[in-house]
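Work through the exercises below with the model open beside you. Try each task before reading its solution.

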Amino acid sequence: MSLFLNSFTLAWMHSVEKIRWEEQWQIEGKSLHVMRASVRGSGAGMEPPPDAVFKEGAWHYTPHVPPLQELRLAHSPFTTEYELCFDGRCTPLNEFFISLPPIDTIVLEACER
């Protein structure tokens with residue numbers, strides 16, 4: 001499946017802490033760049049980095065991650081669904097697929113138009 005996007009937000013709930021996490025991604029050429037991230041709390045391995053700023057109920061920061069060729073996401077019945085957000089709305093990733101096995105890996109990658 002292809003989506004024609006220049007940017008998107010990836011959102012999910014931490015499986016243990018039940019806290020929302022969001023990352024804003026930019027597509028440049030054939031690379032995915034994480035621009036900003038926010039998390040609504042901390043704990044269970046999701047502590048915000050030292051340079052994070054707390055505002056509007058969440059920790060906001062810039063991840064220091066090099067551009068990626070692909071983003072691999074675990075799909076499992078044991079965790080809540082990732083959401084892909086663009087054009088002002090968020091949609092569970094499984095809604096973009098006709099059929100998705102109960103346990104799988106979803107790969108997001110940039111492609112040129």
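This is a predicted model: local features need pLDDT of at least 70, side-chain atom pairs count only at pLDDT 80 or more; totals for chains, interfaces and linings use all residues.

**Exercise 1. Determine which elements make up the chain and how its radius of gyration compares with the globule rule.**

Solution. Start with the count: the chain has nine strands and zero helices. Read from the N terminus, the order is β-β-β-β-β-β-β-β-β. Next, take the radius of gyration, which is 14 Å. The globule rule gives 13 Å for 113 residues, and the two values are close, so the chain is as compact as a globular protein of that length. Along the principal axes, the C-alpha atoms fill a box of roughly 35 × 35 × 25 Å.

**Exercise 2. Sort the side chains of strand β6 by face, then find the pairing with β9.**

Solution. Strand β6 covers residues 70-75. Its side chains alternate. Leu71, Leu73 and His75 point to one face and are buried, which here requires under 20% relative accessible area. Now turn to strand β9, residues 104-109. β6 and β9 pair in the antiparallel sense, over six bridges.

**Exercise 3. Describe burial, contacts, surface and charge for the chain as a whole.**

Solution. First, burial: 36% of the 113 residues count as buried. Second, contacts: among those between residues at least 6 apart in sequence, 49% join residues at least 24 apart. Third, surface: the chain exposes about 7,400 Å², with 53% supplied by carbon and sulfur atoms. Last, charge: there are 9 positive and 15 negative charges, and their mean positions lie 3 Å apart.

Conventions:
Residues are numbered from 1 along each chain as its sequence is written. Side-chain values use heavy atoms; hydrogens and water are left out. Buried means under 20% relative accessible area, exposed over 50%, partly exposed in between (1.4 Å probe, protein chains only). Helices (H or I, at least four residues) and strands (E, at least two) are DSSP runs, numbered from the N terminus. Two strands pair if DSSP finds at least two bridges between them. The radius of gyration is taken over C-alpha atoms; the globule rule is 2.2 Å times the number of residues to the power 0.38. Contact means heavy atoms within 4.5 Å. Accessible areas come from the Shrake-Rupley method with a 1.4 Å probe; for residues, only the protein chains shown count as cover. Lys and Arg count as positive and Asp and Glu as negative; His and the chain ends are not counted. The place of a charge is taken as NZ of Lys, CZ of Arg, CG of Asp or CD of Glu.
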